[in-house]
Amino acid sequence: QITRWSDGWVAAGKLPGMLTMIARHGQVCYMHSSGYADVATKQPLTERTLMRMYSMTKPVVSVAAMILYERGLFQLDEPITKHLPIFANPRVLLPDGSTEPAARDITFRDLLMHTAGLSYGDGDSALDTLYDAAGCGWDAPYKLPLDEFVRRLATLPLAFQPGFSWRYSYATDLLGYLLEILSGMPLDELLEREVFGPLQMHDSGFHVPEEKRDRFAQIYEVCDDASAAENGLGESERAYRRFERYSSHAGTHAPNSPSRSRNSINEEMNTADILAAEAEEREGDGDNNGKQGKGSGGGGGGGETGGEHGGENAPNARQPTEAALSSTRAAATAAAGDKIKRSSSVPTLSDMPSGSASRGYRRGYRAWRQGAAKGARGEVS
């Protein structure tokens, strides 16, 4: 099932490549790769491929922090101002734009738990505007050395009182700088000495050496057809660079592998067409012009992924003809109820939110049902 799930994401054009591994009791018991590390050169994705860790560097830095903590170099509830005085007397930004003194200083615990009141400067709030003006926006780590970035960060107000709330932020970047101060060595050297070296993670680090560049996976971005056309991408390239973004709940199920029987594939297509017709009937707004929905829905980004990026932006969406719908509906009615099977993990239309804000979610669902069967049948555009 895992192999089928992994292969399905790639076959349906949702991901250029995917590597799945399961380890139990310290032993790798399953590993499977699908797709490419480099779509243009058809370089396969394998266990030797080097991939960017991104935010998974946070637990690595946090492990290094706990190693220094065990050696008594700091205490969890110790103010960071003991080692970094520029963060003394922090202030908190209020809704009216003014600031008030923070009730206490930021602690190491706050940084480890993202409760320090810092931000990433990647939103549209007043605080994010201040971050951007100070050169501390989302791309700051690519432009500034760590010490200069931390100096600028110290001049900015906090989003809330330290320890009062939670916000994903540059807390780990600041923690990394504190580890440099405590250890007396650059962060990359500290991680190599205390984490990567002892664990024999010989390919891990902040930079990829020249002799390993051929193993480095390409990076692909979320890209719809319009922006792909602007960038001069061909249709085959678009299929791989275009990631369908929708509800993570719907994304828990991927199409079966192409080894499925023709009957089961046709059955899946019939089901997809019928669900598409049901979705059109339930929307009831007559809006069939393919506009993107503007869902604002639930936690975990459901509104963004399901609303703004659903519908015709899905890579394998197709609109069945009325004749095809009539034919498949008749075939489905004649079939026994258990002959049209859908996994219990797959959401149904009744699981979806109601109202106009859910239309993009529904279009994404409809496109996913159609695209799943189309991808399994090998008809990826």
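The model is predicted, so local features need pLDDT of at least 70 and side-chain atom pairs count only at pLDDT 80 or more, while totals for chains, interfaces and linings use all residues. Residues are numbered from 1 along each chain as its sequence is written, and side-chain values use heavy atoms, with hydrogens and water left out.

H114 is not a glycine, yet its phi is positive, about 60 degrees. Q200 is not a glycine either and has a positive phi of about 55 degrees; this residue belongs to the loop between α8 and α9. The table gives relative accessible areas, where buried means under 20%, exposed over 50% and partly exposed in between (1.4 Å probe, protein chains only).

| Residue | Relative accessible area | Class |
|---|---|---|
| G8 | 1% | buried |
| H114 | 8% | buried |
| Q218 | 44% | partly exposed |
| Q200 | 59% | exposed |

Q218 is found in the loop between α8 and α9 (225-230). Leaving aside residues up to four places away in sequence, Q218 touches A37, D38 and R52; contact here means heavy atoms within 4.5 Å. Along the chain Q218 and V39 are 179 residues apart, but their C-alpha atoms are separated by 8.1 Å.

G8 belongs to helix α1 (residues 2-11). Together with G8, the residues S6, W9 and V10 are buried in α1. What do the buried residues of α1 pack against? They meet β1 (17-24) and β2 (27-38). After α1 comes G13, with a positive phi near 75 degrees.

## The nonpolar core

Now let us turn to the interior. A nonpolar core is a set of buried Ala, Val, Leu, Ile, Met, Phe, Trp, Tyr and Cys residues joined through side-chain atoms within 4.5 Å. The largest one has 44 residues, and L111, L118, L153, L174 and L179 touch the most other members. At least two residues of this core come from each of α2 (57-70), β4 (91-93), α3 (108-113), α4 (126-133), α6 (146-153), α7 (171-183) and α8 (187-196). The largest share, 7 residues, is supplied by α7. L174 touches I80, L84, F87, L111, L118, V150 and L153, not counting residues up to four places away in sequence.

## Two packed helices

α2 and α8 pack at an angle of about 75 degrees, with their axes 10 Å apart. Axes are lines fitted to C-alpha atoms, for helices over the stretch in contact, and angles run from 0 to 180 degrees between N-to-C directions. The two helices are therefore roughly perpendicular, a label for angles of 65 to 115 degrees; under 35 is roughly parallel, over 145 roughly antiparallel and the rest oblique. On the α2 side the contact holds V60, V61, V63, A64, I67 and L68, and on the α8 side L187, L190, L191, E194, V195 and F196. These residues divide into 11 nonpolar, no polar and 1 charged, with Ala, Val, Leu, Ile, Met, Phe, Trp, Tyr, Cys and Pro counted as nonpolar, Asp, Glu, Lys and Arg as charged, and the others, Gly among them, as polar.

## The whole chain

The protein chain has 14 helices and 5 strands. Of its 381 residues, 42% count as buried.

Technical notes:
Helix = DSSP H or I, 4+ residues; strand = E, 2+ residues; numbered from the N terminus.
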